[in-house]
Amino acid sequence: MKILAKMTWLELKLFLREPLTVLFALVLPLMVLFVMGGVFGNEADADVYRGVGAINYYVPAYIALVAASVGLISLPTHLAGNRERGVLKRYRASSMPSWAVVGAQVAVTFVISTVSGVTLVVAAMSAYDVRGADRPLLVIAGFVLVALAFSSLGVLLGALLPSPRSAQALGVMLWFVMLMVGGAGPPPEVLTGAMGTIGDLTPLRHAIRAMQDGWLGLDAGYSWLVVALLTLVSAAASVRFFRWE
Amino acid sequence: MTHAIDVHHLVKGYRDTIAVRDVSFSVEEGEIFGILGPNGSGKTTTVESLQGLRAIDSGSLSVLGFDPSTQADQIRRRIGSQLQESALPDRVKVWEALDLFGALSDQGPPVSELLADWGLSEKRNARFGSLSGGQQQRLLVALALVNDPRLVFFDEMTTGLDPASRRVAWDLIRRIRERGTTVVLVTHFMDEAEALCDRLVVMTRGIVAAEGTPAALIDRFGGGVRVRFTLDGQDVGWLSSVPHVTGVARERNRYEVRGTGPVLAYVASALVDHELAPIDLRQERATLEDVFLNLTSGEGADS
């Protein structure tokens with residue numbers, strides 16, 4: 001456990017020393033939130049945003065978006081980079097346990113997503129008349145599940161992708177596609193045809209719905225199952241495909 | 001237990017090449033053991049197999065009494081390793097790296113001592129990516145010593161170091177050995193092997209071409225003794241019939257006499273008998289470099 005704590009603390013520091021990841025995890029979601037708030041306001045409309053105001057919709061959604069950016073961009077890029085440079089080989093030769101290497105990445109995803117999520121909520125509450133979490137315990141459960149899902153998916157991508165460049169390119173692309181059609185950009189209700197279908201297939205759509213269910217006081221829907229399944233499959237595949245070099 | 005390492009008929013191939021065909025050697029506890037060879041001769045594959053980083057095809061290995069294929073963790077906790085083609089994240093600081101790897105072991109010297117030993121005290125807060133090649137190498141070597149290992153592997157540790165740093169590294173290797181630690185040194189610097197190694201193997205094309213002390217190898221594979229001198233306008237063809245002479249070569253006014261054992265004394269005596277006394281008559285001792293070149297000639301070594 002001591003080594004996991006040390007590794008997590010070091011990885012957190014490394015995370016904060018990387019401008020691109022900080023931008024995607026801590027700055028961009030906040031910016032997008034305020035742009036969306038500026039454009040759509042926070043008036044409830046029965047036809048879009050699951051029947052609530054735009055800001056009320058986006059705040060829980062962007063907590064999921066933050067977890068997605070850490071899990072899909074930062075984590076796989078860092079993991080693939082460490083493998084390519086021989087950092088993982090160095091760890092292995094010193095008997096660094098693989099659970100410490102992977103566990104630290106998952107822990108960093110949790111910490112950064114929490115910090116960024118709290119920042120989002122505080123910023124939104126101070127600027128708009130945004131409602132607080134309706135069912136806090138369900139929100140926490142949703143957050144844990146969503147962060148686990150994206151960190152497992154990130155570890156899997158980091159294991160499968162051959163280089164940090166390919167990991168970063170794929171991660172950024174996935175992130176933007178999900179942002180646009182997964183329900184973090186335009187309201188999902190206005191996406192029709194292929195875009196709506198693709199949106200429904202993105203993990204972010206379901207992560208957002210899982211976060212919103214607790215936040216907006218809706219009943220937990222099938223999206224929770226989808227996110228849980230994604231977590232299980234990614235974690236199992238990560239164990240199978242993790243490579244030191 | 002007197003052997004720190006035993007290698008019996010190690011064979012290891014990759015998808016399309018055989019890296020190690022048949023390698024056997026033993027390393028005694030407390031010695032500095034060298035593994036020499038041109039690039040692609042299987043040195044790195046051999047030491048990485050010993051650390052359980054490569055699954056071997058056949059043969060048997062023993063490191064500190066443990067089998068690398070089934071007890072790699074037991075081995076890795078007791079050894080130190082500086083690997084080729086391994087690095088640290090660019091943004092990690094020197095002290096952070098030592099602190100992290102130190103946390104894997106309960107023993108080992110304090111970080112400040114390692115920093116001082118390897119001349120990194122002033123760089124403790126520098127990021128890995130900002131260090132020079134030599135400083136990075138010294139940090140990686142220091143990392144190999146954080147757990148106070150009984151056995152250390154150094155794979156081309158002085159590559160990238162300037163001459164002064166190399167000498168410092170040599171002194172530190174001798175100090176590591178004085179503490180009773182066994183050192184396995186993979187290198188392609190012959191002067192380094194000659195200065196440091198108690199015994200060594202020369203590998204070529206995945207086999208052991210020669211094994212022994214540097215002196216024994218030089219005696220056996222060094223190509224004998226060479227005597228050189230300069231003379232103007234003399235016919236010295238009679239030199240080839242002097243005892244212990246095996247050949248005479250001439251380039252303009254410079255002569256090279258090849259021979260064995262006490263050839264210098266016989267050549268000197270014969271020259272004086274002919275009333276010749278070249279002022280630069282000297283014997284050149286073969287070095288490990290000659291051994292290496294003799295054993296690996298025709299291999300197209302690119303190192």
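# Briefing: a predicted model with chains A and B

In helix α1 of chain B, the residues K43(B), T44(B), T45(B), T46(B), V47(B), E48(B), S49(B) and L50(B) are buried. Here a residue is buried if 20 or more other C-beta atoms lie within 10 Å of its own, exposed if 12 or fewer, and partly exposed in between, with C-beta atoms placed from the backbone. Helices (H or I, at least four residues) and strands (E, at least two) are DSSP runs, numbered from the N terminus. This is a predicted model, in which local features need pLDDT of at least 70 and side-chain atom pairs count only at pLDDT 80 or more, while totals for chains, interfaces and linings use all residues. Residues are numbered from 1 along each chain as its sequence is written, and chains are lettered from A and ligands numbered from 1 in the order in which they are written.

**Chain A overall**

- Chain A has 10 helices and zero strands, and its pattern along the sequence reads α-α-α-α-α-α-α-α-α-α.
- The radius of gyration of chain A is 18 Å, close to the 18 Å that the globule rule gives for 245 residues, so chain A is as compact as a globular protein of that length. That radius is taken over C-alpha atoms, and the globule rule is 2.2 Å times the number of residues to the power 0.38.
- The C-alpha trace of chain A spans about 60 × 35 × 30 Å along its principal axes.
- Of the 245 residues in chain A, 51% are buried.
- Two residues are in contact if their C-beta atoms, placed from the backbone, lie within 7 Å. Among contacts in chain A between residues at least 6 apart in sequence, 78% join residues at least 24 apart.

**Nonpolar cores**

- A nonpolar core is a set of buried Ala, Val, Leu, Ile, Met, Phe, Trp, Tyr and Cys residues joined through C-beta atoms within 7 Å.
- The largest nonpolar core has 138 residues, and those touching the most other members are Y62(A), A64(A), A68(A), V146(A), A207(A), M211(A) and A97(B).
- Helix α3 of chain A (residues 54–84) gives the most to this core, with 19 residues.
- Leaving aside residues up to four places away in sequence, V146(A) touches A64(A), A67(A), A207(A), A210(A), M211(A) and V227(A).
- Another core lies apart from the largest one and has nine residues, including L239(B), V257(B), V267(B) and L271(B).

**Where the chains meet**

- In the contact between the chains, 19 residues of chain B meet 19 residues of chain A.
- On the side of chain B that touches chain A, the elements giving two or more residues are α2 (72–78) and α3 (94–102) of chain B.
- By class, this side of chain B has 10 nonpolar, three polar and six charged residues. Ala, Val, Leu, Ile, Met, Phe, Trp, Tyr, Cys and Pro count as nonpolar, Asp, Glu, Lys and Arg as charged, and the others, Gly among them, as polar.

**The four-stranded sheet of chain B**

- Four strands of chain B form an open sheet in the order β11-β12-β10-β13, with antiparallel pairing. Two strands pair if DSSP finds at least two bridges between them.
- From one strand to the next, the twist averages 25°. Axes are lines fitted to C-alpha atoms, for helices over the stretch in contact, and angles run from 0 to 180 degrees between N-to-C directions.
- Strands β10 (residues 225–230) and β12 (residues 254–259) of chain B run antiparallel and are joined by six bridges. R226(B) stands opposite R258(B) in β12(B).
- Helix α9 of chain B (residues 263–273) packs on the sheet and touches β10, β11, β12 and β13 of chain B, with its direction at about 30° to that of β10(B).
- T246(B) lies in strand β11 of chain B and counts as partly exposed, with 13 C-beta neighbours inside 10 Å.
- T246(B) touches G224(B), R258(B), G259(B) and T260(B), not counting residues up to four places away in sequence.

- Helix α1 of chain B (residues 43–50) is mostly covered, with eight of its eight residues buried. Just after α1(B), G52(B) takes a positive phi of about 75°.
- Helix α5 of chain B (residues 133–143) has eight of its 11 residues buried, so this helix is largely enclosed by the rest of the structure.
- The cover over the buried residues of α5(B) includes β5 (79–82), α3, α4 (111–117) and β6 (151–155) of chain B.
- Y14(B) is in the loop between β1 (3–13) and β2 (18–28) of chain B, and counts as exposed with 10 C-beta neighbours inside 10 Å.
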